[in-house]
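Me: Please take a close look at one part of this model for me: the aromatic rings. After that, walk me through whatever else you can say about the fold and its surroundings.

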Amino acid sequence: MLSRGGYEYLEQKLMAEKTKKKLEEATQSGTTNGVIDPTSPIRRHVKWKMARTKKIEQMTSEAAKEIAEKIVSHFQLRILTMFFYSVNA
């Protein structure tokens, strides 16, 4: 759930986690090429879902849970469509 910092704080927190993960992966692989590149911005649907998820990984309401499931299925469908067209191009 969002704290007093709102979406701005949530985005900063998620970017810090993403950067940390990128650094760990670079350390494990022994290459620093990807570390120099800036991390991509956090997607809106990820921020929306995180803002409505409690610390115990439970959605704040049943309606939010249903919407989150629709968002995830739509996002997965977009990825599959993009993959299909890239393979058949």
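Reply: There is one aromatic pair in the structure. F84 and Y85 make it, in an edge-to-face arrangement with ring centres 5.6 Å apart and 70° between the planes. (Rings of Phe, Tyr and Trp, the last by its six-membered ring, pair if their centres lie within 6.5 Å; planes under 30 degrees apart are stacked, over 60 edge-to-face, and the rest tilted.) F84 counts as partly exposed because its relative accessible area is 48%, while Y85 is exposed because its value is 55%. (Buried is under 20% relative accessible area, exposed over 50%, partly exposed in between, using a 1.4 Å probe and protein chains only.)

Bear in mind that this is a predicted model, where local features need pLDDT of at least 70 and side-chain atom pairs 80 or more, while totals for chains, interfaces and linings use all residues. Residues are numbered from 1 along each chain as its sequence is written, and side-chain values use heavy atoms, leaving out hydrogens and water.

Now the fold. The protein has four helices and zero strands, giving α-α-α-α along the sequence. (These are DSSP runs numbered from the N terminus: helices are H or I with at least four residues, strands E with at least two.) Of its 89 residues, 15% are buried.

Helix α1 holds some of those: G6, L10, L14 and A26 are buried there. Its 24 residues should span 34 Å at 1.5 Å a residue, and the end C-alpha atoms sit 35 Å apart, so the two agree. (The expected span is 1.5 Å times one less than the number of residues.) Just past α1, G30 takes a positive phi of about 85°.

L14 turns up again in the second largest pocket, whose lining is L14, E17, K18, S40, P41, I42, R43 and V46. Helix α1, residues 6-29, gives the largest share of that lining, three residues. By type, the lining splits into four nonpolar, one polar and three charged residues. (Ala, Val, Leu, Ile, Met, Phe, Trp, Tyr, Cys and Pro are nonpolar, Asp, Glu, Lys and Arg charged, the others, Gly included, polar.) The space inside comes to about 160 Å³. (A pocket is an open set of points on a 1 Å grid over the protein atoms alone where a 1.4 Å probe fits, with protein on both sides within 12 Å along at least five of seven lines; lining residues have an atom within 4 Å of a point. The volume is the space filled by probe spheres set on the points, which are joined across faces, edges and corners.)

Helix α3 and what follows it are worth a look too. M50 lies in α3 and counts as partly exposed because its relative accessibility is 37%. M50 and Y7 are 43 residues apart in sequence, with their C-alpha atoms 9.6 Å apart in space. S3 belongs to the segment before α1.

In the loop between α3 (44-51) and α4 (62-87) you'll find T53, buried because its relative accessibility is 12%. A polar atom of the T53 side chain lies 2.7 Å from the backbone oxygen of K49. E57 is found in the loop between α3 and α4, and has a positive phi of about 60° although it isn't a glycine. E57 is exposed, because its relative accessible area is 69%.

Definitions and conventions: A polar contact is a pair of N or O atoms within 3.5 Å; within protein, one must be able to donate a hydrogen and the other to accept it, and residues adjacent in sequence count only if both atoms are side-chain atoms.
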